[in-house]
Amino acid sequence: MSKAILDVKDLKKHYSRSRGLVSALRGRDVVIPAIDGISFYIRENETMGLVGESGCGKTTVGRSIMGLTPITSGQVLFDGEDLSVLPPSRFLPYRRQMQMIFQDLDAALNPKMRVRSILREAVTVFDRPGNEGVDRRIRELLDQVNLKESKLTSFPHELSGGEKRRVGIARALAVGARFLVADEPTSALDVSIQAQIVNLLVDLQRDLGLSYLFISHDLRIVELISHKVAVMYLGKIVEMGLAGSIANRPLHPYTRMLWSSMVDGRSLEGSPSPGGRGTWGSLDFERPQAGCRFASRCPVYRDRGRPAVCTDPSTEPELLDVGRARKVACHFPLQ
Ligand SMILES: Nc1ncnc2c1ncn2[C@@H]1O[C@H](COP(=O)(O)OP(=O)(O)OP(=O)(O)O)[C@@H](O)[C@H]1O
Ligand code: SF4
Ligand SMILES: [Mg+2]
């Protein structure tokens, strides 16, 4: 079995958000626990999918791993080295091996640079291959991401969404990445183009031995590309297991809800609550539920007559191993 390329241990990232000038002056900022103690590892040549609805903390996980935002506590080990304590000078060799494909298609590429310059910059950021070497490498990259050579003279706004994604992937490969955080790489794309990007990532993994953290709110796509899947809710992983079994046999009520919403083609946010009162509401880090943070939306909690253990502040359910490579954080997992 291949070794872990990435090992994340009890990672926390808390933002503080001001409630306004008066609160800020009185030091009463709100703490947003965007990541609240998560652990997982990714092996070489493996894809882990990270799924959850908007605002649950997925991008923050990606940015924290990449060192793009300082973490509050925990460890991020890459090839066994704890990146969170490395000085910037020793971080550099790891930086080229891990790259992020950013969620926002348009913010990811410099609008003033043509594709050739974008790729040239990436090819030469760590190496000095000479003009001929650069051109050869750029052609190789275009080939790897199936992009026509004629696109080299285009500006990002002249590209389609799928082409922009391909340029972003080529740029990540250009520096010699072995591990990619792909943050919603298929969002804002037509369904047929989504499939092309997923297939491209799968092919690149096979050909180059890459490892991925694949972030998406769409459990269907995550299941398609991942070897294992982690389901995130309000800064925590609530269920983790092998792809294929997560959607088919969810053990956490939130995973089941997420999957049903995909199958029914409805959004979770703003949909009616199971009790018929109010709405599911959107994720609220500012007013966390005591005990299990999913309780206010949980159909199992309601159907079981609101068991006190679910909302007991001292017993937030832990992510426990339940066998068959599955972990779940729920006092009453589904059968
Ligand atoms: N720089 C920041 N400062 C303060 N709060 C932030 C910051 N970045 C993210 N947050 C908050 O952290 C939480 C998680 O945000 P994040 O962007 O990681 O979610 P996400 O799962 O990627 O959502 P989406 O699916 O919409 O991309 C949200 O409540 C968000 O408002
Ligand atoms: S612990 Fe209770 S409230 Fe939380 S998901 Fe499980 S059943 Fe629902
Ligand atoms: Mg995001």
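Author: We may begin with one pair of bridged residues: Met-98 has Phe-179 of β7 as its bridge partner. The model is a predicted one, in which local features need pLDDT of at least 70, side-chain atom pairs count only at pLDDT 80 or more, and totals for chains, interfaces and linings use all residues. Residues are numbered from 1 along each chain as its sequence is written, while chains are lettered from A and ligands numbered from 1 in the order in which they are written.

Reader: How many bridges join β6 to strand β7, and in which sense do they run, parallel or antiparallel?

Author: Helices (H or I, at least four residues) and strands (E, at least two) are DSSP runs, numbered from the N terminus. Two strands pair if DSSP finds at least two bridges between them. Strand β7 covers residues 179–183, and with β6 it runs parallel, the number of bridges being four.

Reader: Which strands stand at the edges of the sheet of eight strands?

Author: The eight strands form an open sheet of mixed pairing, in the order β6-β7-β8-β3-β9-β10-β12-β11. Two strands have a single partner strand each, so one side of each is left without a neighbour in the sheet; these are β6 (98–101) and β11 (320–323).

Reader: Why are α6 and α7 described as oblique to each other?

Author: Axes are lines fitted to C-alpha atoms, for helices over the stretch in contact, and angles run from 0 to 180 degrees between N-to-C directions. Angles under 35 degrees count as roughly parallel, over 145 as roughly antiparallel, 65 to 115 as roughly perpendicular and the rest as oblique. The axes of α6 (residues 130–144) and α7 (residues 161–174) come within 9 Å and cross at roughly 130 degrees. The two helices are therefore oblique.

Reader: Which residues of α7 make the contact with α6?

Author: Two residues are in contact if their C-beta atoms, placed from the backbone, lie within 7 Å. From α6 come Leu-141, Leu-142 and Gln-144. On the side of α7 the residues are Ala-170, Leu-173 and Ala-174.

Reader: At what angle do α5 and α6 pack?

Author: Arg-116, Leu-119, Arg-120 and Val-123 of α5 meet Val-134, Arg-137, Ile-138 and Leu-141 of α6. The axes of α5 (residues 115–123) and α6 are 10 Å apart. The two helices are roughly perpendicular to each other, at an angle of about 110 degrees.

Reader: Which element gives the most to the shell around ligand 1?

Author: A residue is near a molecule if its C-beta atom, placed from the backbone, lies within 6 Å of it. Ligand 1 is surrounded by 15 residues, the closest being Tyr-15, Ala-34, Ser-54, Thr-59 and Thr-60. At least two residues each are supplied by β1 (4–17), β2 and α2 (58–65). With three residues, the one that gives the most is α2.
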